[in-house]
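Dear colleague,

Please find below the structure that I am handing over to you. I would be grateful if you would look through it before reading the notes.

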Amino acid sequence: MLTGFQNIGKIPELKRRIGTTLLLLAVYRIGVHVPTPGINREALAAFFAAAQGTLLGLFNMFSGGAMKQLSVFSLGIMPYISASIILQLLTVVIPHLERLSKEGEAGRKKITQYTRYGTVVLSIIQGFGISLGLEGMTGPGGEPVVLVPGWGFRMITVITLTAGTAFIMWLGEQITERGIGNGISLIIFAGIVAGMPGAVGNTLRLMQTGEMSAFKVLILLVIMVAVVGLIVHVERGQRRIPVQYAKRVVGRRMYGGQTTHLPLKINTSGVIPPIFASSIIMFPATVANFIQVPWMQKIAQMLMPGHWLYSVLYVGFIIFFCYFYTAIVFNPVDVADNMKKYGGFIPGIRPGRSTAEYIDRVLSRITLGGAIYVSLVCVLPTIFIQNFKVPFYFGGTALLIVVGVAMDTVGQIEAHMLTRHYEGFLKSGRIRGRR
């Protein structure tokens, strides 16, 4: 692996791409600390300290701490992700978008353009909602979060936050085009790992004060390494269905006659299910921060992380959305039709409808295993915090994103080295990231 890192310096293009990626990510992290005008920072920080376990805390994590101080990048890349998911869901029900998705590169460019428009629209809506919500917020001592409320503050906030999201979107596209890895994913990655130094510092401080023993920290490190290894193993895992292509003669040439396989990912849905599940469960807790109603406060407390009802609903929603999103992104009927069109078949299974039913049956079984795996990773932070009293958040959606993006980025770096006849990071095998 050390030799693999040394080979990076021998490829000028790869060095330039990695340097460009690091520079653009540094620009993003600087922008996180540029404040939006008209905000009482101390009162806002105190409000967010009391809003842990709500949607505000989730958005703050994905924005890399930008929302906590209401910087120009407070919305982060979430509007872009939301617009992408909405476009992907609409592709199933709108024939025009379905045709575009099948038109190759030109169709993808058109859908990307629609995603940009949707990102701006969602940013305007979310920015306006945040400005209204901020005007009603107060700190622990009753001090207002907004210094001068009114339409002037609302317009400035909407314009600032929308421009910040558009700039992040542009940064992500530049990283994808000129750098290494997927730009949007790397921006989310940078926002999440930005909290790691603080977590390490808190742990060391607890060790110094005697609240955490060195043996306990060692056990935690072993568990964390094992969990990361499990995630890497499962994310690379595939169920390979053998596919045989029949021989056919076209003119004077013979085509087909080869054996290949159809790879089915164990975790086809990625990190979308836990994001959806968290958003739904945390919604009542978020509303309760603005509406002081006793029964609403009681429900919000039951749906906070650590309560048994939260864990049960969280796991249930994750399993449901794993099946739901897998059904959206993977259509066994289309796969079976394409195989039949090119003369492919699964040995022992008739082409057409029988093939589609077989693929659907196999996919349903491995999706259950993938859903259980995602659920275990997502309830891990609650176990750590309650039983080990750790001062940081380890596991959940953040860990899945960090490991997945790291695998994908390292896989792309290795691909650049292999195409130029250099060894990869491993002597045997290749590092395969997930797209």
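The notes below describe the sheet, some helices, the cysteines and the salt bridges.

The model is a predicted one: local features need pLDDT of at least 70, side-chain atom pairs count only at pLDDT 80 or more, and totals for chains, interfaces and linings use all residues. Residues are numbered from 1 along each chain as its sequence is written, and side-chain values use heavy atoms, with hydrogens and water left out.

I begin with the sheet. Strands (E, at least two residues) and helices (H or I, at least four residues) are DSSP runs, numbered from the N terminus. Two strands pair if DSSP finds at least two bridges between them. An open sheet is formed by 3 strands in the order β4-β1-β5, and the pairing is antiparallel. β4 (259-265) and β5 (344-345) are the edge strands; each has a single partner strand, so one side of each is left without a neighbour in the sheet. Strand β1 (residues 238-245) is joined to β5 by 2 bridges. Within β5, F345 is the bridge partner of Q244.

Helix α5 (residues 78-93) has 16 residues and should span 22 Å at 1.5 Å a residue; its end C-alpha atoms are 23 Å apart, which agrees. The expected span here is 1.5 Å times one less than the number of residues. For burial, the cut-offs are as follows: buried means under 20% relative accessible area, exposed means over 50%, and partly exposed lies in between (1.4 Å probe, protein chains only). Among the buried residues of α5 are M78, P79, Y80 and I81.

T326 belongs to helix α14 (residues 308-329) and is buried, at 3% relative accessibility. Leaving aside neighbours within four places in sequence, T326 is in contact (heavy atoms within 4.5 Å) with T268, S269, F321, L363 and T367. T397 is found in helix α17 (residues 396-419) and is buried, with a relative accessible area of 3%. Although T397 and I275 are 122 residues apart along the chain, their C-alpha atoms are separated by 6.9 Å.

How many disulfides are there? A disulfide is a pair of cysteine sulfur atoms within 2.5 Å, and by this rule the count is 0. For C322, the nearest cysteine sulfur is that of C378, 8.6 Å away. C322 is buried at 1% relative accessibility, and C378 is buried at 3%.

Finally, the structure holds 5 salt bridges, each being a side-chain nitrogen of Lys or Arg within 4 Å of a carboxyl oxygen of Asp or Glu. One of them links E13 with R17, with the closest N and O atoms 3.3 Å apart. These residues are 4 apart in helix α2 (residues 12-31), about one helical turn. E13 is partly exposed at 27%, whereas R17 is buried at 17%. Another joins the side chains of R154 and E135 at 2.9 Å, N to O. R154 lies in helix α8 (residues 151-178) and E135 in helix α7 (residues 105-135), so the pair ties together parts that are 19 residues apart in sequence. A further one pairs E357 with R353 at 3.2 Å between the closest N and O atoms. Both residues lie in helix α16 (residues 353-388); E357 is partly exposed at 42%, while R353 is exposed at 69%.

With kind regards
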